[in-house]
Amino acid sequence: MYSNSLGKKKFLDYGSKQDGTAKVRLSTSLSKGEKEATDARKEKIKEALAALNIPYDSDTVPNIAVLGSGGGLRATLALCGTLVELQDQNLLDCIMYLSGVSGSAWCMSSLYKAENWTERLKELEKHQCETLTQRHFDFEAAANAVLDAASDENYSLTDFWAYFVVHKMLKQLDDTTLSEHRRSSESGKNPYPVYAAVNEDTYKEDLEGTWFEFTPHEVGIPDLGAYIDTKYFGSLFENGQMVEEKEEKNICYLQGLWGSAFASKQVITREINGELDQFRVRMTEYAGDAEVYNFSSEPTISLIDAGLAINCAYPLVLHPKRNVKLILSFDFSSGDPFMTLRKAADHSEKHGIKFPNIDNINSEDKMNPSGCYIFRGKDAPTVMHFPLFNKHNCQDKIAEYKQKFDTFKIKYSNEDIEQLLIAAKMNVVNAQQKIWEEIERAVAPSS
């Protein structure tokens with residue numbers, strides 16, 4: 001039940017422990033772990049609302065979600081800057097869910113290694129910047145990781161992409177696991193994280209079951225109500241029962257899966273071929289030839305970067321059980337600043353999900369967008385949409401910013417990082433009052 005656009009893997013069932021045996025959980029409800037984590041987070045949210053003097057109904061506080069789009073390292077850095085500014089404006093503690101696609105998922109998975117990351121954001125922002133500008137790609141670590149992965153019968157180029165290309169971009173090979181992030185998700189100190197991928201074979205038609213979600217507690221298909229314990233992602237199951245437990249996939253691998261579509265297939269192919277050439281030259285230092293591909297005739301599902309479907313994970317936060325009433329969507333895309341909104345609206349209409357009307361976007365805003373748009377609808381969540389590069393933080397240089405911070409820009413200087421962070425933070429500063437007002441509207445006690 002996992003792979004990416006670079007190679008398919010066998011379809012496997014996954015599950016959670018029940019009576020000592022790992023099983024698939026079939027249910028439309030949220031996991032026990034998520035329920036407990038969000039209950040703990042709700043107490044933090046109440047404290048934040050009280051500190052802002054925002055009245056609320058203590059029994060029915062609606063949930064607020066922050067979405068970070070894909071966009072390579074541009075999105076990684078921009079989401080970090082956005083979160084720092086949300087915290088500085090005393091808004092981050094009002095957020096229940098944080099969901100990311102591609103480059104935003106890279107940022108999130110790095111932050112959640114720290115149990116109290118919302119309290120250490122500026123320190124972690126500095127660390128991230130130093131990592132990108134000062135650390136170096138570790139070829140030996142990448143080679144060893146690929147060789148270890150090659151021993152698995154389900155090895156694919158997903159592994160190579162993750163350990164060589166994504167690792168090279170992020171300047172770190174994160175061998176922790178997603179299930180280890182439970183501590184930082186359950187304390188109530190941080191928003192609850194949701195990561196996204198989609199089924200390569202169904203995303204173009206937007207069929208039911210296309211969207212997959214990853215949380216520290218479960219991985220699953222919300223549309224179909226089928227989930228597995230994240231700890232067993234990678235283990236072999238038959239008929240819903242675990243028959244062979246395997247090591248959980250690490251964060252670096254998942255970063256490769258989540259971020260496989262930030263560039264064109266031509267660029268991806270070029271990067272992999274370049275790294276393969278270096279790998280072949282130096283391979284004799286580590287091992288001889290290895291048979292690493294598995295061409296199985298068994299049913300397969302190929303998971304890919306959700307950005308190919310919708311570059312923000314709207315379908316996951318719109319899950320009815322998550323009760324999200326306000327969405328802050330920070331769009332770090334390089335193209336049409338309203339494409340994610342239109343795709344989310346189309347998806348919602350097709351699947352009978354309430355979504356606000358977005359038809360009032362002016363055509364001229366496509367090339368010269370504002371920094372904040374607000375869309376409200378009857379019985380639908382309010383969406384606040386924030387294009388990264390806009391006429392407020394870039395003035396008349398939007399095209400220059402887009403060109404400078406291209407999606408496949410893999411080297412950032414300190415000056416580049418500072419300029420990008422300023423732009424991202426300015427979006428929050430400029431919209432602070434509007435965000436505050438929409439939070440107040442969302443949580444206002446019913447009359």
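Tutor: A polar contact is a pair of N or O atoms within 3.5 Å, in which one atom must be able to donate a hydrogen and the other to accept it. Please also bear in mind that the model before us is predicted.

Student: Which residue does the side chain of Asn 427 join through a polar contact?

Tutor: The partner is Asn 393, and the contact between the two side chains spans 3.1 Å. Asn 427 belongs to helix H13. Leaving out residues up to four places away in sequence, Asn 427 touches Gly 371, Pro 387, Leu 388 and Asn 390 as well as Asn 393.

Student: Is Asn 427 buried or exposed?

Tutor: The cut-off for buried is under 20% relative accessible area. Asn 427 has 4% relative accessibility, and therefore counts as buried. Across the protein, 60% of the 447 residues count as buried.

Student: Where does Ser 329 lie, and which side chain does that of Ser 329 join by a polar contact?

Tutor: Ser 329 is placed in strand E15, which covers residues 324-331. A polar contact of 3.0 Å links its side chain to that of Tyr 314. Ser 329 counts as buried because its relative accessibility is 0%.

Student: How many residues apart in sequence are Ser 329 and Leu 67?

Tutor: They are 262 residues apart in sequence, yet their C-alpha atoms are 4.7 Å apart in space. Leu 67 is one of the residues in contact with Ser 329 once neighbours within four places are set aside; the others are Cys 312, Tyr 314, Met 384, His 385 and Phe 386. In the protein as a whole, among contacts between residues at least 6 apart in sequence, 76% join residues at least 24 apart.

Student: How is a pair of aromatic rings described?

Tutor: One gives the distance of the centres and the angle of the planes. This structure holds 15 aromatic pairs. In one of them, the ring centres of Phe 160 and Phe 164 are 4.5 Å apart and the planes are at 10°, so the pair is stacked. Both residues lie in helix H6 (residues 157-170), four residues apart, or about one turn of the helix. Phe 160 and Phe 164 are both buried.

Student: What kind of pair do Phe 338 and Tyr 373 form?

Tutor: Their planes are at 85° and their ring centres 5.1 Å apart, so this pair is edge-to-face. The pair links distant parts of the chain, 35 residues apart: Phe 338 is in the loop between E15 and helix H11, whereas Tyr 373 is in strand E16. Phe 338 counts as buried because its relative accessibility is 1%, and Tyr 373 because its value is 11%.

Student: Which residues do ring pairs link into a cluster with Phe 160 and Phe 164?

Tutor: Phe 137 and Phe 139 join them in the cluster. Elsewhere, the charged end of Lys 249 sits over the ring of Tyr 253, 4.7 Å from its centre.

Student: Which residues touch the most other members of the largest nonpolar core?

Tutor: They are Trp 117, Phe 214, Tyr 314 and Leu 328, in a core of 128 residues. Helix H13 (residues 414-443) gives the most to this core, with 11 residues. Apart from neighbours within four places in sequence, Leu 328 is in contact with several residues, including Ile 64, Val 66, Leu 67 and Ile 435.

Conventions:
Residues are numbered from 1 along each chain as its sequence is written. This is a predicted model: local features need pLDDT of at least 70, side-chain atom pairs count only at pLDDT 80 or more; totals for chains, interfaces and linings use all residues. Side-chain values use heavy atoms; hydrogens and water are left out. Helices (H or I, at least four residues) and strands (E, at least two) are DSSP runs, numbered from the N terminus. Buried means under 20% relative accessible area, exposed over 50%, partly exposed in between (1.4 Å probe, protein chains only). Contact means heavy atoms within 4.5 Å. Rings of Phe, Tyr and Trp (its six-membered ring) pair if their centres lie within 6.5 Å; planes under 30 degrees apart count as stacked, over 60 as edge-to-face and the rest as tilted. A charge sits over a ring if NZ of Lys or CZ of Arg is within 6 Å of the ring centre and within 35 degrees of the ring normal. A nonpolar core is a set of buried Ala, Val, Leu, Ile, Met, Phe, Trp, Tyr and Cys residues joined through side-chain atoms within 4.5 Å.
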